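Visitor: I'd like to go through this one with you. Where do we start?

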Amino acid sequence: MSPAEPRVALLCDGGPGGSIDAVRDRATVELHSLRDAPPDAFDAEVAYLAEAPGPAWAAALASATRLRWVHWGGVGIDGVLFPGGIVVTTSRGVLDRAMAEYAAMLTLAATRGLWQTREQQSRRVWSPRPTRRLADSTVAIIGAGSIGRA
C-alpha cells in the first residue's frame, strides 16, 4: 500500500457487488461482516456501512483513530455517534423514487390481496373474496423524509 492509498473498510454481509472493483483500483479494501466481532486493530480511514452496526462495531468505529469518513448506504444513521472530525454521509436521495414506487406497489398488492390471489393460483383454486377498491381512497404518507416526498 502506498502512503497516499487510503484504507477502506466495507462493513456488510455477503458480496460487496461489482462496483467494488473501482474502489480496489484506488485503495486497499478490507471486507468485514457486521455479524462478526470487529478486528482488534481496526484502522481504516474510510468505512462504508451497508447496514446499521451493532454495539461492538459502533464502538469500534467511534474509537478508530484513523477514521475520517463513514458512508452509510441507507438514508439515516440514527443511533450511531462519531467523534468530531469524522465526515458522515448517507445515500439519501439515491433511491427515493424507487423506494416510493416500491411502497406504492406493496400498498396496492396488500389492498387488492395479491398474495392470496397468488396462493389460490398455485392451488388452481378460485374462491371469490372481498377486496378493497382504490377509487375514492385517501392515502396518508407518514414522515416528511425524502422517500415520503417522492
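Guide: With a term: a nonpolar core is a set of buried Ala, Val, Leu, Ile, Met, Phe, Trp, Tyr and Cys residues joined through side-chain atoms within 4.5 Å. Keep in mind that this is a predicted model.

Visitor: OK. Which residues touch the most other members in the largest nonpolar core?

Guide: The core has 14 residues, and those touching the most other members are Phe42, Ala47, Leu49, Trp57, Leu61, Leu67 and Val70.

Visitor: Which elements supply at least two residues each?

Guide: Strand S3, helix H2 and strand S4 (69-72) do. H2 has the largest share, with three residues.

Visitor: What does the second core include?

Guide: That core is separate and has five residues, among them Leu10, Ala27, Val29 and Val46.

Visitor: Now rings. How many aromatic pairs does the structure hold?

Guide: One. The ring centres of Phe42 and Trp57 are 5.4 Å apart and the planes stand at 85°, so the pair counts as edge-to-face. The cut-off for that label is an angle over 60 degrees.

Visitor: Where do Phe42 and Trp57 sit in the chain?

Guide: Phe42 is in the loop between strand S2 (28-32) and strand S3 (46-49), while Trp57 belongs to helix H2 (residues 55-63). They are 15 residues apart, and the pair links distant parts of the chain.

Visitor: Are Phe42 and Trp57 buried or exposed?

Guide: Both are buried. Phe42 and Trp57 are also on the list of core residues that touch the most other members.

Visitor: Different topic. How much space lies in the largest pocket?

Guide: About 460 Å³. It is lined by 20 residues, and the closest to its centre are Ala103, Ala104, Thr107, Val139 and Ile141.

Visitor: Which elements give two or more residues to that lining?

Guide: Helix H3 (96-112) and helix H5 (146-149). H3 gives the most, six residues.

Visitor: And how does the lining divide into nonpolar, polar and charged?

Guide: There are 11 nonpolar residues, seven polar and two charged.

Visitor: Where is Asp136 placed?

Guide: In the loop between H4 and H5. Arg124 is in the loop between helix H4 (114-123) and H5 as well.

Visitor: Is Arg124 buried or exposed?

Guide: Arg124 has a relative accessibility of 82%, so it counts as exposed. Asp136 is exposed too, with a relative accessible area of 81%.

Terms used. Residues numbered from 1 in each chain as written. Predicted model: local features only at pLDDT ≥ 70, side-chain atom pairs only at ≥ 80, totals over all residues. Heavy atoms only, no water. 1 Å grid on protein atoms, 1.4 Å probe; cavity = no way out; pocket = protein on both sides within 12 Å on 5 of 7 lines; lining within 4 Å. Points joined across faces, edges and corners; volume = space filled by probe spheres on them. Helix = DSSP H or I, 4+ residues; strand = E, 2+ residues; numbered from the N terminus. Nonpolar A, V, L, I, M, F, W, Y, C, P; charged D, E, K, R; others polar. Phe/Tyr/Trp six-rings, centres within 6.5 Å; stacked < 30°, edge-to-face > 60°. Buried < 20%, exposed > 50% of the residue type's maximum accessible area, 1.4 Å probe, protein only.
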